[in-house]
4 protein chains.
Amino acid sequence: MGMIGGGRGAFIGAVHRLAALMDGQIDLVCGCFSQNPENSLASGLSYFLPDNRIYPTYQEMFAREQQLPEGDRMDFAVIVTPNHVHFDPAMMALDAGFHVVLDKPMTFTLDEALKLKAKVEETGLVFALTHTYSGYPAVKQARQMVAEGKLGNIRKILVEYPQGWLSAKLEDSGNAQASWRTDPKRSGKAGAMGDIGTHAHHLAEYISGLKTTHVCADLNIFVPGRALDDDGAVLLRFNNGARGVLVASQICAGEENALKIRVYGEKGGLEWAQQEPNTLLVKWSDRPTEIYRTGNNLTSSFALHNTRTPGGHPEGYLEAFANIYRNFAFTVMARKDGIEPRPEWLDFPGVDDGVRGMQFIDTVIESGYNDSTKWVPFK
Amino acid sequence: MGMIGGGRGAFIGAVHRLAALMDGQIDLVCGCFSQNPENSLASGLSYFLPDNRIYPTYQEMFAREQQLPEGDRMDFAVIVTPNHVHFDPAMMALDAGFHVVLDKPMTFTLDEALKLKAKVEETGLVFALTHTYSGYPAVKQARQMVAEGKLGNIRKILVEYPQGWLSAKLEDSGNAQASWRTDPKRSGKAGAMGDIGTHAHHLAEYISGLKTTHVCADLNIFVPGRALDDDGAVLLRFNNGARGVLVASQICAGEENALKIRVYGEKGGLEWAQQEPNTLLVKWSDRPTEIYRTGNNLTSSFALHNTRTPGGHPEGYLEAFANIYRNFAFTVMARKDGIEPRPEWLDFPGVDDGVRGMQFIDTVIESGYNDSTKWVPFK
Amino acid sequence: MGMIGGGRGAFIGAVHRLAALMDGQIDLVCGCFSQNPENSLASGLSYFLPDNRIYPTYQEMFAREQQLPEGDRMDFAVIVTPNHVHFDPAMMALDAGFHVVLDKPMTFTLDEALKLKAKVEETGLVFALTHTYSGYPAVKQARQMVAEGKLGNIRKILVEYPQGWLSAKLEDSGNAQASWRTDPKRSGKAGAMGDIGTHAHHLAEYISGLKTTHVCADLNIFVPGRALDDDGAVLLRFNNGARGVLVASQICAGEENALKIRVYGEKGGLEWAQQEPNTLLVKWSDRPTEIYRTGNNLTSSFALHNTRTPGGHPEGYLEAFANIYRNFAFTVMARKDGIEPRPEWLDFPGVDDGVRGMQFIDTVIESGYNDSTKWVPFK
Amino acid sequence: MGMIGGGRGAFIGAVHRLAALMDGQIDLVCGCFSQNPENSLASGLSYFLPDNRIYPTYQEMFAREQQLPEGDRMDFAVIVTPNHVHFDPAMMALDAGFHVVLDKPMTFTLDEALKLKAKVEETGLVFALTHTYSGYPAVKQARQMVAEGKLGNIRKILVEYPQGWLSAKLEDSGNAQASWRTDPKRSGKAGAMGDIGTHAHHLAEYISGLKTTHVCADLNIFVPGRALDDDGAVLLRFNNGARGVLVASQICAGEENALKIRVYGEKGGLEWAQQEPNTLLVKWSDRPTEIYRTGNNLTSSFALHNTRTPGGHPEGYLEAFANIYRNFAFTVMARKDGIEPRPEWLDFPGVDDGVRGMQFIDTVIESGYNDSTKWVPFK
């Protein structure tokens, strides 16, 4: 793979490399790691790349890699830049014939998302969006249990993503993560809702198999001087009549990354919390709650395929992330080999999820600051 | 005390007796335990009452008890009937000069609640409303920590009360609890929101010291044929600018009585869950989360006063309930003895909380089925 | 009931009164609450007793109560004095024809215990020992599941009771609890093992239905100047070949009252922790762990009989304690009424449990300071 | 690196590859993956190795790799064969000048261990033993807090490692893991104590900084026909007077891999459980228990160095494993570069830990089946 962004010190770039390399299926072969060519070079060298595969611009990277013989050139591009630098390199990579892995939210605007979707469909290339949390085995199991009707018709979804790290104005103290995530020029029109609300929304739809039809949002900016929402709550209506509540906040002081989802159907409910990801609580109206555990009771083929170790050996965030990469890689290799990918390989977030995420942002932004209209149809 | 309602087999009446008797401060001396005089008599005898203190009607009970010499006659009346039989006996008890303990929600309508408030103020008698959950020591501690500014200005309140017991149409199978709670003639205009939403709302205001100013609710009836809400979610705005989310549902299959509240301020957050009531999580932006435990780290005078055993000896629902009774009894005795009640004794829910509960019901019902108006001012 | 010991400020006396009164089946009618007659009187008055039923000595109490007509006189005596004042009043109460409730450990020496057992058998009176922890519904359920063979043959028992309150020399700072519990003249030959080790041992035998045959103990005194064990661990062998480990310690700094037991059989295991007593984890070799909850999934007749509230309304230490009193009271009343007590009523710890506790103390003390003999047969 | 053992389907070999590759510091360059040359070749090809670096025997591998120019040849050998095939390849690798990573327990006998230690010291090569659990950041933090005296003098260590997977005679059903682990010819003289007891013992000494001086063990074989211990408990005495209890069992039906340790000092205690590895409970005598979390409150330099993601992004078993590899790699690279390794890099288990593990096995085996001698000095 070739990486765009992810120079030394960048959080999410490092995560992508760990996740991609872990399984021995993917090598980092080239990259343009920074807008600053010197920084790009230094970063690439520290990742043990030869200097002729470290590029000063992504434009040059695509151009030069295209000219390398197959087998030598990168198979796909990973784009881990801030949101406003997603669309251009992704389009260019696809035009150059490279498969793409892209960080979420997919683009800066919904319009870009739709164009990117068209491009992916036009080129037929493989495209992955790193909605990490859907990579956990317990989440796969939850999705499959809902799909098999174990819970009966779904009635209620509670999903919450409280963080506390933006309780104070961290962006003023030089924190790079805080700076770009609170900056409308780099993040887009949403703050917390774009950064973490999209994860929560994706998880709700992924597990339930439902589609949001209407939202009623209340967005807030608690920290003075901040330009984007740092807190919000959304009432949701789904296409089967189910109702939901989504909370995404970055001012819940003392919380880390406390994504949690509960899904209730007529017969039972599921509960999963990202910070203890190897446990899936399965609740029943008529018998004791069961504790499903990764590597032990997560017996759906999708959960098993995404599990690396036996029960009691906790898998974490990086393994969930790696599952997206591994499935993407299996799918790319299947394409190369001309074989049909297994359904488990194809189970990674793609361009449709990305469009849906941008629609979510547009819809909650429209609703969240509007005190008169109650329900806004999902875009 | 004298009891109205609470015949053999009634759930909440038994809880009231356990809670009242536990501390050796209160005796059951008389009662009218059922509309059916024979059932009332049989119940009273099984509670070891002499037959001349078991009455066929509450009207007769008040009349006869009034005529007994002080010291012999009951000091106060406890009313544990369904909601539609709260107002009349409560008014009559106050008119007859008896202090009153009343189950929540306080009345059938907001109008009754306001009249009852006027009567309490007019008579100067002691009045308690059994919002049980505010009786837990950890809740007292939470309230005091907020009041002392430990968390800074409050920004966000998440309160949820999922239950699952009404996931199916239990009221059709002869379950007495389900029957009256889903019956508009006995429960009033709200189902889940009246039964448990009021608890959640009371807890949010009790701990935070804030007042709700606006609500945006989505109420639902999931079980076909049911007349009252069995599920709902409410966005809340508070008088200091804080925002909240309240979920109350009785169709969350597999949940028991999972009341939980989180309150976040500028500096930290609190988390308390009713099903593990002896633990209060105190979260901080800049240091590790702390586990405060009943009998050990709950050192506020209000928490200590409401704790009976040392750390590690779990206290439960009945003790929380008993705290309301004990504080009520201390206050009544202080009145008798002409002394000033301590602030800790006066810390039990009263008629103002009852009015606020009825206002909550009226407001969420107005909002919850209205798809056009977003924010409804709190009544 | 009449109480011996338990003056104002005494911890366990207050617990006994709360537990006894809670269910409305038992009244406190008399007592000798202190060796100091003035303190006894003041205590009794504060418990709302008439002064003629407050006695300066227990000898006088038994003599005077015996002369009262049945129905007026107390039915049974509760003895809540330190260990060295258990035997004499208990023997005297039985000789006077009163049923007895006694705090554990039963006596000061094993010899006394055997004499008391003979007396109970001779008189045929009802005798209860307050091994509180066996009163929890989840413990009843655990016992019944083992008895029904749900786990298969039992192989391993892990029981632990870490406390931290004696990590420093609290007895030097005037703490009454610490003073008598660390004093061989009042506690007997064991410290932690007598105070809490006996509880752990009782629980292990109660749930498993097994009998200890051999112990290998290591007892320690960590706090300089202390005369009795404040820490210990015991390897156990049981009569069916099962093995166990028992830890009892009062120097585990930071622990409250963390009694926990795990019992493993051929097919599954059970886990119960006193500090979250409404949850019983049931583990299986071949399917997910189940969470049994009080009032919900604890469906054995013994668990149900000892449960007061529906699922999700936590019951605690006082309710467990009250279960012993209520079952004792039901048994006493059945005797009075000449009816056969139900098996559930008879399920409270008695004189045989008390003898076994004293045997446990004798055996672990013999083993615990002996560095040469490995296995000591249970006395 | 070059790998010995770890053919397709082998559990621990796959774990080693994942752990080694994750950080982009180490490549798999060659291997002898099976005694069966065809299987070795197929395995190597599936790991994307060229066929000329896949060897039929480890002897040939060392010989051929030695002849490659530096930079091309492997830097170190990883040995992931069953216990009885540890010593020979390890000695040979060291003799050939390769650094070594070895799975635990280090050797088949204590005698081999001592010889291997001499060889490591003689060659001066870098040697790592994969006692995985000491790689967790929370364990590093615990160790450092003890070393800094935060808890005061250590008094009590409780360490337990219950598993349930050998509750039935799994080795009869063709399970490869069960077969070699229960076979004295491949595992050595200990079963559970060698497989998991050594992990527990290492963790106790690693965190506490103490050394075991005496043990009193009870070892058992519960499953009929099994030749090695499948269950055991050990009383421990440490060199500062502290006492401990170690439980290791593979017949605790329903348990996964429930390694847990508690360490108590004069002022407080620590609790860590492997199945929720990102939480370290820090308990205090005089203030609330604190929840330290990976990436957030684990601020010791050793914990930080071994953490990859921010708080709330759970790290797991593979990351702990990878920490050993990364530190080993940093140390090897420092040696190459002639720089002094940082103390954090040197913090991985080595040959002394391996010797100590073999001494533990010898000592508990001597004690565990001996019913007369109580305390056996640590070898």
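Predicted model: local features only at pLDDT ≥ 70, side-chain atom pairs only at ≥ 80, totals over all residues.
Colleague: Staying in chain A, at what angle do helix 3 and helix 4 cross?
Modeller: Their axes cross at roughly 10 degrees and come within 10 Å; helix 3 of chain A covers residues 58-67 and helix 4 of chain A covers 87-95. Helix 3 and helix 4 of chain A are therefore roughly parallel to each other.

Colleague: Which residues make the contact?
Modeller: Helix 3 of chain A brings Tyr58(A), Gln59(A) and Phe62(A), while helix 4 of chain A brings Pro89(A), Met92(A) and Ala93(A). By class, that contact has five nonpolar residues, one polar and no charged ones.

Colleague: Switching to chain C, what is the strand order in the open sheet?
Modeller: The five strands of chain C run in the order 2-1-3-4-5, with parallel pairing. Strand 2 (30-32) and strand 5 (127-129) of chain C are at the edges with a single partner strand each, so one side of each has no neighbour in the sheet. On average, neighbouring strands of this sheet are turned by 15 degrees against each other, direction ignored.

Colleague: How many bridges join strand 1 to strand 3 there?
Modeller: Three bridges join strand 1 (residues 2-4) of chain C to strand 3 (residues 76-79) of chain C. In strand 3 of chain C, Val78(C) is the residue opposite Met3(C).

Colleague: Which strands does helix 3 of chain C lie across?
Modeller: Helix 3 (residues 58-67) of chain C lies across strand 1 and strand 2 of chain C, and runs at about 155 degrees to strand 2.

Colleague: Last topic: how many residues of chain A are in contact with chain B?
Modeller: On the chain A side there are 36, in contact with 36 residues of chain B.

Colleague: Which element of chain A gives the most to that side?
Modeller: Strand 9 of chain A does, with four residues. Elements giving two or more residues include strand 6 (154-162) and strand 12 (279-284) of chain A. The chain A side divides into 13 nonpolar, 12 polar and 11 charged residues.

How values were computed:
Residues numbered from 1 in each chain as written. Chains lettered and ligands numbered in written order. Pairing = 2+ DSSP bridges. Axes fitted to C-alpha atoms, helices over the stretch in contact; angles between N-to-C directions. Contact = placed C-beta atoms within 7 Å. Parallel < 35°, antiparallel > 145°, perpendicular 65-115°, else oblique. Nonpolar A, V, L, I, M, F, W, Y, C, P; charged D, E, K, R; others polar.
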